[in-house]
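Visitor: I am new here and would like to learn how to read a few features. Could you walk me through them?

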Amino acid sequence: MAAFVLSNLTGLVRQILIANQFGTGLEIDAFYAAQTLPEILFSLAAGGALASAFVPTFTELLNRPDPQAAWRLASSTVTLVALVLAAASTLAALSAPWLIGLLAPGLARTPGQADLAAELLRILLLSPMLFGISGLIMGMLNAHGRFLAAALAPTFYWLGMILGLVFLTPIFGIRGLAWGAVLGAALHLGVQLPAFLQLRPALRPRAEIRDPLVRQVVGLMGPRLVGVGAVQLNTIVSTNLASALVTGSLTALKQAWQIFTMPQVVLAQALGIAILPTFSAQAAKNDIDGLRRSLNEALRLLFVLALPATAGLLALGGLVVKVLFEYGRFDAGSTALVTGALVAYTLGLVSHSVLELVVRGFYALKDTWTPVWVGALAMGLNVILSIVFALLFQSLGAAGLALANTVATTIEVAVLAWLLRERLGGLALRSLASVTVRVGLAALLMGFGLVVWLMLMQAQSSWLTLAGGIGLGGIVYWGLIWVLGVSEARQIPELIFRRLRRRAA
């Protein structure tokens, strides 16, 4: 989590620099439109789809008497992913103008904007293969219980973009940001290599498609690809609709999502990544009771952290956007656009966070179909709601698209949690309900306190108001859950101090 906090802070610096240089104007809209396809390629071929199938299988093979089988699987998987992504990126680069017209037709309204997006797309397509290999190395490190280098990788990706913003954009404009993203992809891979080499990996170039282990991964990956495809379809629809809204809507949607995912990544993705090998090992031993206990403890911790984050972001979100980004070409209108979308996304913070854990429970059980069909239905609902909100509630702008995502994700996680409860013979819901009620009350009181704080500090500096609000909210919330008897209020500080003492020793 500490590494993810560092990543988010670095990403925040990147966002501040982007907002300062490009605001919510035409150039940055073109960049985000171009970035859509490389992100889709990574997600489909080597992101969550492959990791959810590869990590449990690789972990199981490592625990066998002959761990070389795990490295044979890794060798074939890395080789195949590199070949597939290189071929897909080449084809996409050749058809870049057509793809931009498909992804963001609204850009054609402004002369030259679609051509700029196509040029940026060709630059960004150098990164998917690097990300693909890096994602697999990340999975292998996690399977060995080594999380730090992998967790630092996103920080180095943002550093590459920051270098592009500082040194390349003054010369090449928005194209410098694209080259910075490619540099970041190379750093994302490079920072993991020292820790990976310590494992003494027995990797060899091989593309054994007929290998039963490779086929097992592909079989597990197939359903997940369908699910990720549904998510990416929603990304395409959102990009398409946002490009046709008021100028800056696409950028506002992207920036709000990136602010929203800061707490979501730190709280949920970090926990989910760290706990998947544990889930997988318990499932491999058929220790369903242990898996149920691990999931219950993780969910309790998640509620303790995600509910106050939701209340705090709802109260302070507009101030966060203003303090961080309202400089240079990012004006008050830009702040209003981003804040609207951020509030709509924040309403789904708990749902998105719980989803990270619940789906990993299914992956550990090697059930990749259930999250797929539920996720596909949810994303279908997301697409429908996005279109409805964009057509009927145009005044919502980007916030309408964000709200559609929140509603669909909430329904998705409710259905998946109910199905996983059936698979595990329960989720100790009484314990979860008890902690949720107490934590929810504390978060609600904290939120009211922050609203009062904002009213009292209207004439004061925005920076002072935000810093004071964060500190006050944290103290009030932690004091309340301590008084209400939430065990995590004592356990989390004890865990941190114990780890610090161990490091010092």
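Predicted model: local features only at pLDDT ≥ 70, side-chain atom pairs only at ≥ 80, totals over all residues.

Visitor: Which residue other than glycine has a phi near 55 degrees?

Guide: That is R200, and its phi is positive. You can find R200 in the loop that joins α10 (193-197) and α11 (212-244).

Visitor: Is R200 buried or exposed?

Guide: The cut-off for exposed is over 50% relative accessible area. R200 has 74% relative accessibility, so it counts as exposed.

Visitor: Where does N286 lie?

Guide: Look at the loop between α12 (249-284) and α13 (288-325). N286 is not a glycine, yet its phi is positive, at about 60 degrees. Its relative accessible area is 59%, so N286 is exposed.

Visitor: Now the surface. Which residues form a positive patch?

Guide: The patch is made by R498, R499, R501, R502 and R503. Take R499 as one of them: it sits in helix α20, which covers residues 488-504. With a relative accessible area of 41%, R499 is partly exposed.

Visitor: And N405, is it buried or exposed?

Guide: Buried means under 20% relative accessible area. N405 has 11%, so it is buried. Its place is in helix α17, residues 398-424.

Visitor: Which residues does N405 touch, leaving out those up to four places away in sequence?

Guide: N405 is in contact with N234, W257, Y345, H352 and N382.

Conventions. Residues numbered from 1 in each chain as written. Heavy atoms only, no water. Helix = DSSP H or I, 4+ residues; strand = E, 2+ residues; numbered from the N terminus. Buried < 20%, exposed > 50% of the residue type's maximum accessible area, 1.4 Å probe, protein only. Patch = residues over 30% accessible without salt bridge, like charges linked within 9 Å, V, L, I, M, F, W, Y side chains within 5 Å. Areas by Shrake-Rupley, 256 points an atom, 1.4 Å probe, with all protein chains shown as cover. Salt bridge = Lys/Arg side-chain N within 4 Å of Asp/Glu carboxyl O. Lys, Arg positive; Asp, Glu negative; His and termini not counted. Charge placed at Lys NZ, Arg CZ, Asp CG, Glu CD. Contact = heavy atoms within 4.5 Å.
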